[in-house]
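Open the model in a viewer and keep the selection tool ready.

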Amino acid sequence: MKKIIAATIGNCVHVAGTMNFLNLAEKEGYETDFIGIALPIDAIIEKIKELNPDIVALSYRLTPEPLEKILDELKEKIADENISNITWIFGGTEPTAKVAEKTGIFTKIFYGTEDIDEVIGYLKGKDYIEEENYPRDLISRIESKYPYPILRHHLGLPTIEDTVKAIEKVAEAKVLDVISIAPDQNAQEHFFEPEKMDHRLDGAGGVPIRSEEDFRKLYDAAQRGNYPLLRCYSGTKNLIPFAKVLRETIHNAWCAVPLYWYSDLDKRGPRQVLDAIIENQQVMKWHGDRNIPVEVNESHHWSLRDAHDAIGVATAFLAAYNAKKMGVKNYIAQFMFNVPAFMAPQMDLAKMLAKIELIESLEDEDFKVYRQARAGLASFPADLNQAKGQLASSAYLSMAIKPHIYHVVGFCEAHHAANAEDIIESCKIVRGVVRNEFLGTVDMTKDLVVQKRKKELIEDAYIILDAIKSLDNNSRDPLSDPKVLAKAVEVGILDAPHLKGNPAAKGELSTRLVNGALYPYDNTEGRVLSEEERIERILYKNRIYDKKTAVV
């Protein structure tokens, strides 16, 4: 364990920055000792002899001119006392830091403009100055910063040229760790069949990527600043060929693929539900075989269509379970807050904690879970000032689950697609929230209402999962059996109000927001249904389970 001693020098009494630095150092396993305010150089030298530290951190935040003489004295005393094997650190304002630079004493200087993630990176032994020091894969990037989350934002403007320029600006700003390329729907569905594209829709919803060279242009644009990683949606057709292109061109940081979706459920692809499940599992396996992290963006698709909270929790587990079954080693679990938009924060947090408990019950030496939090897009108002408030509010709530990745949603998205300036501003808002979070905050996860609702949701999720298992007692592993999973949608165990009229689903579920949480609802009887009662009705109706005899 390395020992750090710290003090302010001269007549400087500003200690907040020094104490924050020492707090971060303690969390990273350092032994720390704050030795005093406005200490003279002789006192610092005596403390070094007494305490034998590995690192000495000095701070001065006043007028820079007197600092020159103070540091000249320090340099002289270091030589006179033959002090060696000490790492000297300086923290101050930009003018005082420039004075410290000239002395040649300090191996690390903080100018006051650094964010917490840079400080944590330094304490972990990662000093992000040169290109080669930036981690070039997702897990290394996370480990270099955690508990500070790495930040992600999507980016896709209507032309390749505009998108390239935006990536360059964002990379140079050093506010973002991962840029998620957002291709237009033509690219996602018809990248390998350009003759099927409707070119009237070019650039709709994202950047019109038409070749591998386009992907390489985007990757090259990110090779500057803090060298953000790139990733891209998995596409909605020809998923494995598309995955190969992403790996070879942008070194895709991780794969995002659903379990049920990009099918006739959401009309974003031509596949039937059963075929989609089979192909999506193959995509998970392809990435797992190559040790590429995988996110199964499943649960929030159900919640975005107003499926009740218990379905959101159950499908979060199903997604992780299938990823593990397919050999994924590093799993990115996305937690989308504010879905539906008017959900109460307590209930929202409870839902996420229920998901976390179920998903992380799958962890072992071969399956590691990384938490990714974000705000729901529909929660952002079109008024840009209110939207900034929503971005900060949602980020603050999300920090309660201690995410490894925070997916920043641009505050402007309800008004217009985010450009470089919007992305940079949005990231800085979130960074401000995270900075305050590191000062200490109330642990909202311990709230009794939150814990009670979490327990209820876990119990309800197990009822759903057990019902899916009961669909085929002969299946060796029904929770990863594509036919069983497809049947769960066919009979309505997994359902959503927005699927009404969709022949690929049952479309019979009604839900209602009650006391800030989303429940199944019987419109005829005008009451909330318990999950047990909802499932019993479905199984009995489909002659899978007779509650009178327990068999059919």
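Start by selecting Tyr521, which stands opposite Val528 in E16. The model is predicted: local features need pLDDT of at least 70, side-chain atom pairs count only at pLDDT 80 or more, and totals for chains, interfaces and linings use all residues. Residues are numbered from 1 along each chain as its sequence is written, and side-chain values use heavy atoms, with hydrogens and water left out. Helices (H or I, at least four residues) and strands (E, at least two) are DSSP runs, numbered from the N terminus.

**Stop 1**

Two strands pair if DSSP finds at least two bridges between them.

**Stop 2: the five-stranded sheet**

Next, select E2, E1, E3, E4 and E5, which form an open sheet in that order with parallel pairing. Here strand E2 (31-39) and strand E5 (108-110) stand at the edges; each has a single partner strand, so one side of each is left without a neighbour in the sheet. From one strand to the next, the twist averages 20 degrees. Axes are lines fitted to C-alpha atoms, for helices over the stretch in contact, and angles run from 0 to 180 degrees between N-to-C directions.

Now show helix H4 (residues 94-103), which packs on the sheet and touches E3, E4 and E5. Contact means heavy atoms within 4.5 Å. The direction of H4 makes about 155 degrees with that of E4. Helix H5 (residues 116-123) also packs on the sheet, touching E1, E4 and E5, and its direction makes about 165 degrees with that of E5.

**Stop 3: strand E3**

Why is strand E3 (residues 55-60) largely enclosed by the rest of the structure? Six of its six residues are buried, so the strand is largely enclosed; buried means under 20% relative accessible area (1.4 Å probe, protein chains only). Ile55, Ala57 and Ser59 are buried on one side of E3, and Val56, Leu58 and Tyr60 on the other.

Strand E1 (residues 3-9) runs parallel to E3 and is joined to it by five bridges; the bridge partner of Ile5 is Val56. E3 also pairs with strand E4 (residues 87-92) in the parallel sense, over six bridges, and Ser59 stands opposite Gly91 in E4.

**Stop 4: helices H14 and H17**

Select helix H14 (residues 345-360) and helix H17 (residues 448-469): their axes come within 8 Å and cross at roughly 50 degrees. That angle makes H14 oblique to H17, where angles under 35 degrees count as roughly parallel, over 145 as roughly antiparallel, 65 to 115 as roughly perpendicular and the rest as oblique. Residues of H14 including Leu349, Leu353 and Leu358 meet residues of H17, among them Val450, Leu457 and Tyr462.

**Stop 5: helices H10 and H11**

Finish with helix H10 (residues 239-249) and helix H11 (residues 273-289), whose axes come within 9 Å and cross at roughly 30 degrees. H10 is therefore roughly parallel to H11. The contact includes Leu239, Ile240 and Ala243 of H10 and Val283 and Trp286 of H11.

Terms used
Buried < 20%, exposed > 50% of the residue type's maximum accessible area, 1.4 Å probe, protein only.
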